[in-house]
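Subject: Structure handover and notes

Dear colleague,

I am passing on the structure we spoke about, together with my notes on it. Please look it over beside the text that follows.

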Amino acid sequence: MRLVASDIDGTILGHDGKISPRTIRAFHACRTAGVELVFVTGRPPRWLHPLEEQLGHTGRVICSNGAVVWDLEADRLVSARTLAIGAVLEIRRIIKDLRPAALFAAETLSGFHLEPGFIENESSELLTQFTPAPLRETLTADDAVVKFLAIVRDGTPDDFLAEVAPAVEHLAAATHSSPGVAMLELSLPGVNKAVTLAEYAAALGIGAADVVAFGDMPNDIEMLRWAGHGYAMASGHPEAIRAAGQQAPHFDDDGVAQVLEERLASLGVQHS
């Protein structure tokens, strides 16, 4: 275990926005033992505050499902893979043909653009700072889209993904990370958490065999398959569990912490 790569939401972070004390201790013990830590998330850089405030993490973070690498300590962009505006608008047209009620949003390197109605209510404080407007009016040729979002109010995220993914695969890679809301996340073809994590690990001289990875949703599948030791949360999506070689206990039981504690103990590392 030379590198631990962990998803954030549903894996180490709960709906209350908290990382458990046990999980924090386990990550600190890894760091003390000389194990590298990297977090691999669907979140954009502006939503990484739990890592800084609760874990004191200052390293690099793989964001937006692998499309962005962000340096937390320097608060700067390291790299990005972006969708062209023309491709974004064509993806939108294709999905609209399939599901006329679909609504869209675009995550760019400089901000967030969302269509009117994309937020069903004002429950998401993280999005209320953005003013809804038609994407054709707010997106410009200078905008670099790292993640395009599509949402419908009926059906399941799995069904929506199964319908859309093959229709847009020539333009984007589609996945989802929501357990209940039918919202898809679309990136440049070939971009996912595993691709960027593999590059990050290689830069450190670490191979897949020495990587322990944790995740819980379909956007973690490639990462869980790539890592030498991929653990899906017992509380995770069935597809993620099938993809992973191993299973971590339920999120509510501090599953990530349990696995890390056992692995550190096997290395002869004492932790408290």
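This is a predicted model: local features need pLDDT of at least 70, side-chain atom pairs count only at pLDDT 80 or more; totals for chains, interfaces and linings use all residues.

The protein is divided into domain 1, made up of 3-80 together with 191-268, and domain 2, which covers 85-187. The centres of the two domains, taken over C-alpha atoms, are separated by 25 Å, and the contact involves 16 residues of domain 1 and 18 residues of domain 2. Between them, domain 1 and domain 2 bury about 1300 Å², with 62% of that area on carbon and sulfur atoms. On the domain 1 side, Arg46, Trp47 and Met217 supply 35% of the area buried against domain 2, which is more than any other three residues give.

As for polar interactions at this interface, six residue pairs are found in polar contact across it, counting pairs with both residues at pLDDT 80 or more, and the count of salt bridges between domain 1 and domain 2 is one. Elsewhere in the list of ion pairs you will find Glu107 and Arg46, whose side chains meet in a salt bridge with an N to O distance of 2.5 Å.

**Helix 1**

Helix 1 covers residues 21-32, and its twelve residues should span 16 Å at 1.5 Å a residue, which agrees with the 16 Å found between its end C-alpha atoms. Thr23, Ile24, Ala26, Phe27, Ala29 and Cys30 are the buried residues to look at in helix 1. What do the buried residues of helix 1 pack against? Their partners are strand 1 (3-6), strand 2 (36-40), helix 2 (49-55) and helix 9 (255-266). Just after helix 1, Gly34 takes a positive phi of about 85°.

**Salt bridges**

Over the whole model the count comes to 13 salt bridges, and I describe some of them here with the setting of each partner.

Asp9 forms a salt bridge with Arg43, in which the closest N and O atoms are 2.7 Å apart. This pair links distant parts of the chain, since Asp9 sits in the loop between strand 1 and helix 1 while Arg43 sits in the loop between strand 2 and helix 2, 34 residues apart. Asp9 counts as partly exposed, with a relative accessibility of 33%, whereas Arg43 counts as buried because its relative accessibility is 13%, which falls under the 20% limit for that class.

Glu115 forms a salt bridge with Arg92, where the closest N and O atoms are 2.6 Å apart. Here too distant parts of the chain are linked, with Glu115 in the loop between strand 7 (112-114) and helix 4 (135-138) and Arg92 in helix 3 (residues 85-98), 23 residues apart.

Because Glu163 lies in helix 5 and Arg99 in the loop between helix 3 and strand 6, the pair ties together parts that are 64 residues apart in sequence. Glu163 is partly exposed, its relative accessible area being 31%, and Arg99 is buried, its relative accessible area being 17%.

**Two single residues**

Thr108 lies in strand 6 (residues 103-108), and at 5% relative accessibility Thr108 counts as buried. Which residues is Thr108 in contact with, once its neighbours within four places in sequence are left aside? They are His113, Leu139, Asp143, Ala144, Val145 and Val146.

Glu169, by contrast, counts as exposed because its relative accessibility is 56%, and its place is in the loop between helix 5 (157-168) and strand 9 (173-175). The C-alpha atoms of Glu169 and Val152, which are 17 residues apart along the chain, are separated by 19 Å.

Methods: Residues are numbered from 1 along each chain as its sequence is written. Side-chain values use heavy atoms; hydrogens and water are left out. Helices (H or I, at least four residues) and strands (E, at least two) are DSSP runs, numbered from the N terminus. The expected span of a helix is 1.5 Å times one less than its number of residues. Buried means under 20% relative accessible area, exposed over 50%, partly exposed in between (1.4 Å probe, protein chains only). Contact means heavy atoms within 4.5 Å. Domain bounds come from an automatic or database domain assignment. Buried area is the accessible area (1.4 Å probe) that two parts lose on being put together, summed over both. A salt bridge is a side-chain nitrogen of Lys or Arg within 4 Å of a carboxyl oxygen of Asp or Glu. A polar contact is a pair of N or O atoms within 3.5 Å; within protein, one must be able to donate a hydrogen and the other to accept it, and residues adjacent in sequence count only if both atoms are side-chain atoms.
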